[in-house]
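Hi everyone, thanks for coming. Please have the sequence and the structure open on your screens, and we'll walk through a few places together.

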Amino acid sequence: MTTTEQTTTFPMARGACPFDPPPALRPLREHRPVSRVRLWNGTEAWLVTRHADVRAVLADPRLSADMRTPGYPLISPARAGRAGQDTPPFIVLDDPEHSRLRRMLISDFTMRSTESLRPMVTGIVDDLLDAMAAGPRPVDLVTAFALPLPSLVICRMLGVPYGDHEFFQAVSARMLTSASAPEEVAAASDELRAYLRGLVEAKVDDPTDDLLGRLVQRRVRAGELSVDEAVSTASLLLIAGHETTANQLALGTLVLLDHPEQAAELRDTSDPTVVVRAVEELLRLLTIVHNARARVATEDLEIGGVRIAAGEGVLASSESANRDPEAFADPDRLDIHRAERHHVAFGFGVHQCLGQPLARLELQVAYPALLRRFPDLRVTRDPDELDYRSDKVVYGVREVPVSWGSAGKGSRRSPDPVAHSAA
Ligand code: HEM
């Protein structure tokens, strides 16, 4: 393994602005775009920080996403806890296993099938906003809106009882805390799997018309998918389906409230392009699935002119790529009219986020609806004093106390410009 004199510790600390990635990424991207970093357990890996190089890494089949491949960079104790799973989820498998499992879900996540969920998503958004308007102020936006929305959506889609949300949200939180001891993460993962195994097995005898029910009836019964694999897939979808969108929604709202003119534009627009671009811009700016995508070289190769040897770990920093001035003009500025869509907040290559049409749908409905219902929405604490989740696999904010002038002042069933354009 090649070692240079300058080795940075990874992950890096965030700076004063909670919406920006760690400041130490910028000089690396400018001067040493492929550099050595040292991880918590003393091992080293390559950190890749430029947009073009990050995409090259994520598109290269010689870089494995399989946690079991020797040299895979485990960036936290929590990752180490997940590395020992018997049937890993396909996000950490390589082809052909990865594509075999992913293919079984593709029809549920096309733009078209996701679009059919729009009435359900809009209904949930309206109900949650009604409840907020009727309840006391200030209220925590995370527990009242940002977390229940994606949790309800993914539960209905998968066929998981929402009544169990306190259980699965708490278990996911334990699994996704970077500093959790490996044994703690493994125990939490086992608990979630035992719960999902019960659901999957029940759906074998008692068919249900939901994603897990169909997976069981069409694939498990046909012998194309084992129960263990179905459980693993269910666990991945349940966690990815609620943790990510919830944090994007809460943190994105904070950013919008910090940019009142752009928030007002998003609130008042009837142009679907403005909504679509605003959501992409918030995804790019925040890149909540932070701390880089982990891969390991299975052959000697070169990235950005640097030789990487087989067996060396590579960390592709999407949060740095999304702030690369070579890829985005004035990258640290929020610009809801930005037209470029090549951000890597959903990853890139074969592991690119399967749920991105669903996440986009939820965010495109939720941000404008929230701003319309509460046109004078405000955070009641200094955003600098809020509790940000730098210690989690998914970055975000734990609590956002908000208030507004007069309940129900904004319009209830607000027009959804994107729905109208899609109709
Ligand atoms: C704002 C919301 C979201 C963000 C920022 C996000 C981000 C990501 C990223 C960066 C990856 C790539 C990981 C890698 O390359 O190692 C990924 C993969 C994935 N995401 Fe998402 N995600 C979001 C929402 C969702 C939702 C709502 C679902 C599903 C219900 C979902 C399901 C998945 C799955 C299944 C994968 C694995 C894909 C594969 O390995 O082929 N995600 N996501």
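Let's begin with one term: a residue is called buried when its relative accessible area is under 20%, exposed when it is over 50%, and partly exposed in between. Keep in mind, too, that we are looking at a predicted model.

Now find Ser 320. It sits in helix α15, which covers residues 318-321. Is Ser 320 buried or exposed? Its relative accessible area is 0%, so it is buried. Setting aside residues up to four places away in sequence, Ser 320 touches Leu 25, Arg 29 and Thr 49.

Next, please go to Ala 297, in strand β6, residues 293-297. With a relative accessibility of 2%, Ala 297 is buried as well. Ala 297 and Ala 310 are 13 residues apart in sequence, and their C-alpha atoms are 4.8 Å apart in space. If we skip neighbours within four places in sequence, the contacts of Ala 297 include Arg 62, Leu 63 and Ala 310.

On to charges. How many salt bridges does a search of the whole structure find? The search finds 30, and I've picked a few for you.

Arg 174 pairs with Glu 191, with 3.0 Å between the closest N and O atoms. This pair links distant parts of the chain, as Arg 174 belongs to helix α9 and Glu 191 to helix α10, 17 residues apart. Arg 174 is partly exposed at 26% relative accessible area, and Glu 191 is partly exposed at 34%.

Another salt bridge joins the side chains of Arg 197 and Asp 228, at 2.0 Å from N to O. Arg 197 is in helix α10 and Asp 228 in helix α12, so this bridge ties together parts that are 31 residues apart in sequence.

Then look at Glu 281 and Arg 338, whose side chains meet in a salt bridge of 3.0 Å, N to O. Glu 281 lies in helix α14 and Arg 338 in the loop between α15 and α16, so the pair connects parts 57 residues apart in sequence. Here Glu 281 is buried, at 2% relative accessibility, and Arg 338 is buried too, at 7%.

Salt bridges can also form a network, as they do for Asp 20, Arg 26, Arg 323 and Asp 332.

Last stop: the surface. Which residues gather in a patch of negative charge there? They are Asp 258, Asp 382, Asp 384 and Glu 385. Asp 384 is in the loop between β10 and β11, and with a relative accessible area of 57% it is exposed.

How values were computed:
Residues are numbered from 1 along each chain as its sequence is written. This is a predicted model: local features need pLDDT of at least 70, side-chain atom pairs count only at pLDDT 80 or more; totals for chains, interfaces and linings use all residues. Side-chain values use heavy atoms; hydrogens and water are left out. Patches are made of residues with over 30% relative accessible area and no salt bridge: like charges are joined within 9 Å, nonpolar side chains (Val, Leu, Ile, Met, Phe, Trp, Tyr) within 5 Å. Accessible areas come from the Shrake-Rupley method with a 1.4 Å probe; for residues, only the protein chains shown count as cover. A salt bridge is a side-chain nitrogen of Lys or Arg within 4 Å of a carboxyl oxygen of Asp or Glu. Lys and Arg count as positive and Asp and Glu as negative; His and the chain ends are not counted. The place of a charge is taken as NZ of Lys, CZ of Arg, CG of Asp or CD of Glu. Helices (H or I, at least four residues) and strands (E, at least two) are DSSP runs, numbered from the N terminus. Buried means under 20% relative accessible area, exposed over 50%, partly exposed in between (1.4 Å probe, protein chains only). Contact means heavy atoms within 4.5 Å.
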